[in-house]
Amino acid sequence: MSNLKSWILEQSDGEPVLAVIISPGDNDICPVCKNYVFSWEANCPDCGTLVDKFKFLNIPVLTWEEALPELEKEFNSGYGISGCPAIYAYTKTWVIFVSTYDGSTSIKRIPRNPTANINPIMPGGG
Ligand SMILES: [Zn+2]
């Protein structure tokens, strides 16, 4: 099992996390049982609830402390559904985010500002 808190701290180089944005990403969240639901499914496979497809409203910018309850949740990072939300976590130097490939998740980061001698990445591939 994995959790986003430990992944983010690994990528932050010890810098404080200044802000976090959390969303269901490509998945949906069941409003009843709070499980992640594949975006192409209309109903939650666990409880059958019709899942709200208009979820991208009112997504706040959180402090690290406000985000921690979500970031501390354990999830399976292997193939299948992502199991964790999409996030942007901001430090002074980095923007840290989740990458997924067929639901297998990992953590990535890019410089927050234009930076020389950085090798750009192409996350999402095998
Ligand atoms: Zn449900």
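Start with Ile-22, which stands opposite Ile-87 in β5. This is a predicted model: local features need pLDDT of at least 70, side-chain atom pairs count only at pLDDT 80 or more, and totals for chains, interfaces and linings use all residues. Numbering starts from 1 along each chain as its sequence is written.

Select residues 19-23, strand β1, together with β5: the two run antiparallel, joined by five bridges. Strands (E, at least two residues) and helices (H or I, at least four) are DSSP runs, numbered from the N terminus. Strands pair if DSSP finds at least two bridges between them.

Find Tyr-88: its bridge partner in β6 is Phe-97. Three residues lie between β5 and β6 in this hairpin.

Next, color β5 (residues 86-90) by face. Ile-87 and Ala-89 form the covered face; Ala-86, Tyr-88 and Tyr-90 form the uncovered one.

What does Ile-87 touch? Leaving out residues up to four places away in sequence, Ile-87 touches Leu-4, Val-20, Ile-21, Ile-22, Phe-97 and Val-98. Contact here means C-beta atoms, placed from the backbone, within 7 Å.

Last, show the largest nonpolar core, which has 15 residues. A core is a set of buried Ala, Val, Leu, Ile, Met, Phe, Trp, Tyr and Cys residues joined through C-beta atoms within 7 Å. Buried means 20 or more other C-beta atoms within 10 Å of the residue's own. Among the members touching the most others are Leu-4, Ile-87 and Ile-107. Helices α1 (4-11) and α2 (64-71) each supply at least two residues, as do β1, β5 and β6.

Notes:
A residue is buried if 20 or more other C-beta atoms lie within 10 Å of its own, exposed if 12 or fewer, and partly exposed in between; C-beta atoms are placed from the backbone. Two residues are in contact if their C-beta atoms, placed from the backbone, lie within 7 Å.
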